[in-house]
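Keep the sequence and the model side by side.

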Amino acid sequence: MPAASPGPAAPDSSSPPRDLPSLTGYRFVLALVVLICHAAFISSVYQDKRLHDLLGLTLPLATGAVASFFLLSGFILTWSAPRHEPRRRFWRRRFWKIVPNHMAAWLVAVVFLVTTAGTTGMLATPTDAEPAPALANLLLIQNWIPDEHYYVGPNVPAWSISCEAFFYLLFPFLLTAVRRIAAPRLWRWWGAVAAAIPLMALVSLLVNGPTLYDWLPLNGTQLWFVYAFPPVRVLEFTLGILTARLVQEGRWIEVRRPVLIGLPVAAFALVPVLPATFVFGAALCVPLALVIPALARKDIAARASVLRHPRLVALGQSSYALYIIHYPIIMIARHVLGPERKFGAAAGTLLVLCIVALSLLASHLLYRYCEVPLMRRYARPRPHRTPTPRPQEIPMPRRAESPVLPPAPGGLPGLGHVLPLLRAPLPFITSLSSLGDVVKVRIAHMPAYVVTDPELVRRVLVTSDHDFTQGRVYEKLAQFLGEGVGTTSGRKHRRLRRLIQPAFHRDRIAEYADTMRTAAENTVADWRPGQEISVDSAMNDMALTAVTACLFATEMTPRAAAEFRESILTLFHGAVLRTLLPTAWEKLPTPGNRRYRRAITVANRAIDETITTYRAPGQRRADMLTLLLDSRDDDGDALTDQQIRDQVITFLFAGVETTGATVAWALHELGRHPEAEKRLHDELDTVLGGRPPTWQDLCALPYTGRVVTETLRLHAPWLILRRTLHPVRLGDVTLPEGAEVVYSPYALQRDPRHFPDPEVFDPDRWLPERDGAGPRGAFVPFGAGVHKCIGDAFALTEITIALAVICSGWRMRARPGAAVREVAAATTHPKGLTMTAEPRFP
């Protein structure tokens, strides 16, 4: 039974030691438990299902270890905290302790997932390395977003560092509050916080939803709430603070060894019969909380402890590096050996031991060459500098300045509005119109000005376009797309546009219509009744086929066509990611960067060889490439081969995902609105009578055209950037030179001031008598002015013909209960849009 102790048995020194080496060694033990769980159970290395299920018992041990980390963090920070340390100094020390190692491990995980694009048989997937989840993980804000792709990946252990970052932010305030608690009341507070931890696990049971993993009976919201949500996990951190204060005040109750061992064992035995929400610390937290002060009291009394062994203490000092780097090591090992490959007991155990050894080596290097030098350089107290007296200055009259535009609410220090832009970008961008015609937001430390008024948007794009140039994203894209018409500005852009315009003349588009129809017909030719179609992917493939065929009438060999197609898709995904990542990352000799450069080489070679072929006498075709080769400017100069290649890549980049996404969204909306679908089918049956659509038919399909226009209104690009060339006045606001200016077609076209019932899919709003287009500048799916999409008529023709081909013969039905997410990436595209194809006619 526990017996009260008057206080800690102190050594001869007048005050307790600040360092507690047993707890340092204990940290290594906890990190090792987490590592073994991930390597042996989460990565599924064993063939024997019984052995795998047995290793599932390590899961509550690992989650208990993480809960102990949180307890330890609160305890050690409180134990070693100076009495009057400035908050900034504390935050600076913790920043240099956790962030550099985290960034290094994040880089390894993201580079691996992006470059291999392969599965690892584990929790993190290439989806978790998409720009938004990866950036949220890097900034340690992923735990505030209730989506497993954010808080799980790409480096899974970083979720707990996100919690720790929140704990550190609160610690100076929590410590002040706990120090104000009268000593006799500390146990009451300790008991209240300890009771709140399992209470949170019970509260989460009220949330219903589909199970996220087959080995863990929890839905996504429950898992996020009890596992990752920082305000819930801060209870364990706070319990550690209270425990340290109790030990410091000499009011901790001494717990004998049988109880210290028996309570965690009993709690562990109860885990299988408790609700699954108790796995993440709620069951084991309080029993494990008793272990920490017991170990601390051994160090205070200078009693022997195996955890104080110098080697364990040394391993404990690098335990944070071990914790943060081990998961990327496991992912790489599983990928190299085969993500689905299973092993026997002996081989699997050897693999786990090798992973442990590699992780220890990597953590030692990370600790020695990253954590220690940076902590020494930046985390030490800065010397106090006495300010040098300055001579008295004569006040000068100040010039009148324009009113300072305050930033939009909801920003965070150092992050700005990154969190809402990652967590819910579309609701955030649509909410800004209520704040004014020009709204200032911050992306980290970079200000951006969002223009929400249609007339001001028109000024940016049309009437004052000479005051603006392409923005930051286009500069990054130019590194990969070259000097295409979509990435250039000024005189160079105008020259390219004049040279390229003949390829998009109305007569030419009429010639392309047959090619577009053939691509759509080939897409549906393989469909079978009742087949589930991944519509977003299928429409992107169709768009790529159509654009490629319009560019090159020449036939490629099947192998060359497959290589070219694969290279273009690689360029699409890689270019968007590279607009967000640092330029230095592109220079790393990673497999993904090599694959990206190889894709550029393959695409460039295919285009260059085609250009060379077309330049030979008698080799011209009726396609876009021929028109580009024949085009001349006012001085009689033609496009160079490199310029032609840049335009071809730009056409492919701009004409695939946007067109494919629009067709996919149209099918989705028609599936949700049977009346609109019936009207479209009736129109197609009446006008076409079962024959294929042609260019001449488009004018006779007004309702189909309104369906396309309404789809473009609802699902427009969400973010377009421009940059000021000099100070510019927009409305009541003067923007400085070099300011990033943002407008959102998505937000403009869903603004109820311009479009009544904006969330309703209503093709008839575009009837002439209803004047549904709103004010000038409100409907800009293709932009406006000199930078308006040069291929808008091409895209409208392709979308309409594709929709006519598909809907003439097929009815697309949504899967019951399937959730379709609207994802804001390069365009606003559907994710998870799977529909069942039903033939309209037997």
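**A walk through the model**

Ala321 sits in helix α15, residues 319-337. Helices here are DSSP runs of H or I with at least four residues, strands are runs of E with at least two, and both are numbered from the N terminus. The model is predicted: local features need pLDDT of at least 70, side-chain atom pairs count only at pLDDT 80 or more, and totals for chains, interfaces and linings use all residues. Residues are numbered from 1 along each chain as its sequence is written, and side-chain values use heavy atoms, with hydrogens and water left out.

Is Ala321 buried or exposed? Its relative accessibility is 0%, so Ala321 counts as buried. Buried means under 20% relative accessible area, exposed means over 50%, and partly exposed lies in between, with a 1.4 Å probe and protein chains only. Leaving aside residues up to four places away in sequence, Ala321 touches Asn101, Ser363, Leu366, Tyr367 and Glu371. Contact means heavy atoms within 4.5 Å. Asn101 is 220 residues from Ala321 in sequence, yet their C-alpha atoms are 6.4 Å apart.

Now the whole protein. It has 33 helices and 14 strands. Of its 842 residues, 52% are buried. Take the contacts between residues at least 6 apart in sequence: 76% of them join residues at least 24 apart.

Next, a helix pair. Helix α1 (residues 21-42) packs with helix α3 (residues 58-80) at about 150°, and their axes are 9 Å apart. Axes are lines fitted to C-alpha atoms, for helices over the stretch in contact; angles run from 0 to 180 degrees between N-to-C directions. The two helices are therefore roughly antiparallel. The cut-offs are under 35 degrees for roughly parallel, over 145 for roughly antiparallel, 65 to 115 for roughly perpendicular, and oblique for the rest. On the α1 side, the contact includes Leu23, Tyr26, Leu30 and Phe41. On the α3 side, it includes Leu59, Ala62, Phe69 and Ile76. By class, the residues of this contact are 17 nonpolar, two polar and one charged. Nonpolar covers Ala, Val, Leu, Ile, Met, Phe, Trp, Tyr, Cys and Pro; charged covers Asp, Glu, Lys and Arg; the others, Gly among them, are polar.

A second pair is α30 (residues 674-688) with α33. Their angle is about 95°, with axes 10 Å apart. These helices are therefore roughly perpendicular to each other. Leu680, His681, Leu684 and Leu688 of α30 meet Leu803, Ala804, Cys807 and Ser808 of α33. Six of the contact residues are nonpolar, two are polar and none is charged.

Helix α9 spans residues 220-228, and seven of its nine residues are buried. Trp224, Phe225 and Tyr227 are among them. Asn219 caps the N-terminal end: a side-chain oxygen lies 3.1 Å from the backbone nitrogen of Thr221.

Most residues other than glycine have a negative phi. Ser44, in the loop between α1 and α2, has a positive phi of about 50°. Leu140, in the loop between α5 and α6, has a positive phi of about 60°. Ser44 is buried at 17% relative accessible area, and Leu140 is buried at 9%.

Finish at Arg765, in the loop between α32 and α33. Its relative accessibility is 4%, so Arg765 counts as buried. Its side chain makes a polar contact of 3.1 Å with the side chain of Glu710. A polar contact is a pair of N or O atoms within 3.5 Å; within protein, one must be able to donate a hydrogen and the other to accept it, and residues adjacent in sequence count only if both atoms are side-chain atoms. The Arg765 side chain also reaches the backbone oxygen of Asp757 at 3.1 Å.
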